[in-house]
Amino acid sequence: MAKQHGGYEKVGCLEKDVRNYLDKDRCLNLESGDANAMLEYFMRMQEENSRFFYAFDLDDDGHVKNVFWVDGKGRDDYKVFGDVISFDTTYITNKYKIPFAPFIGVNNHFQSRLIGCALLANETSESFEWLMKTWLKAICGKPPNPMITYQDRAMKVAIEEVFPNTRHRFCLWHILRKVPEKLGHVIRNNEDFMGYFDACIYKSLSIQQFEVNWAEMIPFSLACQQLKD
């Protein structure tokens, strides 16, 4: 931009202003003193329990990019209930609008267990890769067998890089949210379609059973597509 206009003095802002604007997506959007308060809290937690684990990802200027933490209970829970891990960054509901990224396991009572969480400046493959590597250190280098996430290319790249042997699966809840958008015309033209669709999703307990249910469902979709065309 500066080159196009012949210098920063001609674009109505300083070089520092431009860099600060670009850095908004590269650093956590924290208010003054928040980073220090967070660090002091983590240090105090670690003094109370030496197994409390935390890590800060900083840029070249010392600004906080990403933060991860997990307590000793969460690390212990992973050893017992880490069969399947869910990872989601769609919880952008705090006042800072910062992606909150929890690692979730399920115990033998079907209760959710928090096995680590993070605040991320952005949802790039670089941020996800840092987070996955940091979480791997916290859980003593034992990667999860399967991992469930929503569809995100940057997340997929990071998981393949850090957990090459982990089976990556997409979250059913996020998939079903797209059904009205992707299959709305099919549902409107055939009231029986959702029954066959639900059978594929919820009543396929084996590969063979899924193939049978899928074969019964597809003709409805094809017929509706032909009507649409």
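Let me start at cysteine 140, which sits in the loop between H5 and strand S6, residues 146-149. A word of caution before going on: this is a predicted model. Phi of cysteine 140 is near 65°, a positive value in a residue other than glycine. Most residues other than glycine have a negative phi. As for the surface, cysteine 140 is exposed, with a relative accessible area of 58%.

There is another residue of this kind. Phenylalanine 110 lies in the loop between S4 and S5. Its phi is near 60°, again positive and again not in a glycine. Phenylalanine 110 is exposed, with a relative accessible area of 76%.

Now the strands. S1 and S2 form a hairpin with five residues between them. Glycine 62, in the turn, has a positive phi of about 85°. The two strands, S1 and S2, run antiparallel and pair over six bridges.

Is S2 mostly covered or mostly open? Mostly covered: six of its seven residues are buried. In a regular strand the side chains alternate between the two faces of the sheet.

Which residues have the most contacts inside the largest nonpolar core? They are Phe68, Phe87, Phe103, Leu131, Trp135 and Met147, in a core of 28 residues. The elements that give two or more residues to this core are strands S1 (53-58), S2 (64-70), S3 (85-87), S4 (100-106) and S5 (112-120), together with helices H5 (125-138) and H6 (153-162). H5 gives the most, with seven residues. A second, separate core has nine residues, including Met38, Phe52, Val64 and Ile98.

Leaving aside neighbours within four places in sequence, methionine 147 is in contact with Ile85, Phe87, Phe103, Met132, Trp135, Ile159, Phe163, Thr166, Arg167, His168 and Arg169. Among these, Phe87, Phe103 and Trp135 are also named with the most contacts inside the core.

On to charges. The count of salt bridges comes to eight. I will go through some of them.

Aspartate 76 forms a salt bridge with arginine 51, and the closest N and O atoms are 2.9 Å apart. Aspartate 76 is in helix H4, residues 72-81, and arginine 51 is in the loop between helix H3 (34-48) and S1, so the pair ties together parts that are 25 residues apart in sequence. Both ends are partly exposed: aspartate 76 has a relative accessible area of 34%, and arginine 51 one of 26%.

Next, the side chains of glutamate 126 and lysine 65 meet in a salt bridge, at 3.6 Å from N to O. What does this pair tie together? Glutamate 126 lies in helix H5 and lysine 65 in strand S2, so the bridge joins parts that are 61 residues apart in sequence. Glutamate 126 is exposed, with a relative accessible area of 55%, whereas lysine 65 is buried at 17%.

Lysine 73 is partly exposed, with a relative accessible area of 46%, and aspartate 77 is buried, at 6%. Finally on this topic, salt bridges that share partners join Asp57, Lys65 and Glu126 into one network.

Last item, the surface. Phe170, Leu172, Ile175, Ile201 and Tyr202 make a nonpolar surface patch of about 420 Å². Helix H7 (172-177) and helix H9 (193-202) are the elements that give two or more residues to this patch. Isoleucine 175, for one, is in helix H7.

Terms used. Residues numbered from 1 in each chain as written. Predicted model: local features only at pLDDT ≥ 70, side-chain atom pairs only at ≥ 80, totals over all residues. Heavy atoms only, no water. Patch = residues over 30% accessible without salt bridge, like charges linked within 9 Å, V, L, I, M, F, W, Y side chains within 5 Å. Areas by Shrake-Rupley, 256 points an atom, 1.4 Å probe, with all protein chains shown as cover. Salt bridge = Lys/Arg side-chain N within 4 Å of Asp/Glu carboxyl O. Helix = DSSP H or I, 4+ residues; strand = E, 2+ residues; numbered from the N terminus. Core = buried A, V, L, I, M, F, W, Y, C linked by side-chain atoms within 4.5 Å. Buried < 20%, exposed > 50% of the residue type's maximum accessible area, 1.4 Å probe, protein only. Contact = heavy atoms within 4.5 Å. Pairing = 2+ DSSP bridges.
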